[in-house]
Amino acid sequence: MRVIVWLVEGTWPACVDAVRTHAPTASDVVLLHVSGPDVPGLAHGAFAGLLGRGRPGRDPGTRLEDLGGSSAAELLEAAAERLGRPCVRLERSGRVEREVVAACEGAGLLVLARDGDRARLGPHSLGPAARFVVDHAPCPVLLVWPEAAPDLTTLPPPPPPHHR
């Protein structure tokens with residue numbers, strides 16, 4: 001079975017620990033990090049449109065792309081070390097939620113962490129990207145809390161009874 005582990009800064013240790021606990025040891029583990037084009041693209045645009053009177057070699061978007069690439073490599077390295085078993089490291093870039101779903105083609109399991117409001121139980125514990133991935137993943141999904149789950153007292157009250 002191929003297990004995809006979606007690594008995001010801040011929550012990745014919980015995902016790696018979940019694989020160590022729940023995935024069969026014979027699984028092929030793929031550590032996935034996706035970089036969105038947002039920040040470097042905005043910097044390129046700002047430089048070209050507003051600040052473009054300078055030299056092309058000073059484009060801050062290129063520097064941000066380089067920093068993002070080294071940061072992703074460091075995160076993948078740390079995750080592989082924490083996993084402590086053979087794995088594949090996969091870096092992708094593009095629309096994050098779509099890249100994650102595409103990477104899951106043919107996988108037996110996707111592991112990801114909640115990325116929204118983690119102070120209470122409920123649907124808001126998933127941000128837009130994670131919600132998209134959970135709704136569209138072509139394989140089973142293991143959704144983990146990056147820290148201890150909130151208490152059951154954080155559940156919202158039940159809706160009022162429906163009267164006919």
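This is a predicted model: local features need pLDDT of at least 70, side-chain atom pairs count only at pLDDT 80 or more; totals for chains, interfaces and linings use all residues.
## Val-111 and its contacts

Val-111 belongs to strand S4, which spans residues 109-113, and its relative accessible area is 1%, so Val-111 counts as buried, the cut-off being under 20%. Although Val-111 and Val-3 are 108 residues apart along the chain, their C-alpha atoms are separated by 7.4 Å.

When residues up to four places away in sequence are not counted, Val-111 touches Val-3, Ile-4, Val-5 and Trp-6, together with Cys-15, Ala-18, Val-19 and Leu-142.

## The largest nonpolar core

The largest nonpolar core has 21 residues, and the members that touch the most other members are Val-3, Val-5, Leu-7, Val-19, Leu-31 and Val-111. At least two residues of this core come from each of strand S1 (2-6), helix H1 (12-22), strand S2 (28-35), helix H3 (60-83) and S4, while H1 gives the most, with six residues.

Val-19, with its neighbours within four places in sequence left aside, is in contact with Val-3, Val-5 and Val-111, and also with Val-29, Leu-83 and Arg-85.

Another core, of 17 residues, lies apart from the largest one, and its members include Ala-103, Ala-107, Leu-110 and Ala-130.

In helix H4 (residues 96-103), the buried residues are Glu-97, Glu-99, Val-100, Val-101 and Ala-103. These buried residues of H4 pack against strands S1, S2, S3 (88-93) and S4, as well as against helix H5 (128-136).

Notes:
Residues are numbered from 1 along each chain as its sequence is written. Side-chain values use heavy atoms; hydrogens and water are left out. Helices (H or I, at least four residues) and strands (E, at least two) are DSSP runs, numbered from the N terminus. Buried means under 20% relative accessible area, exposed over 50%, partly exposed in between (1.4 Å probe, protein chains only). Contact means heavy atoms within 4.5 Å. A nonpolar core is a set of buried Ala, Val, Leu, Ile, Met, Phe, Trp, Tyr and Cys residues joined through side-chain atoms within 4.5 Å.
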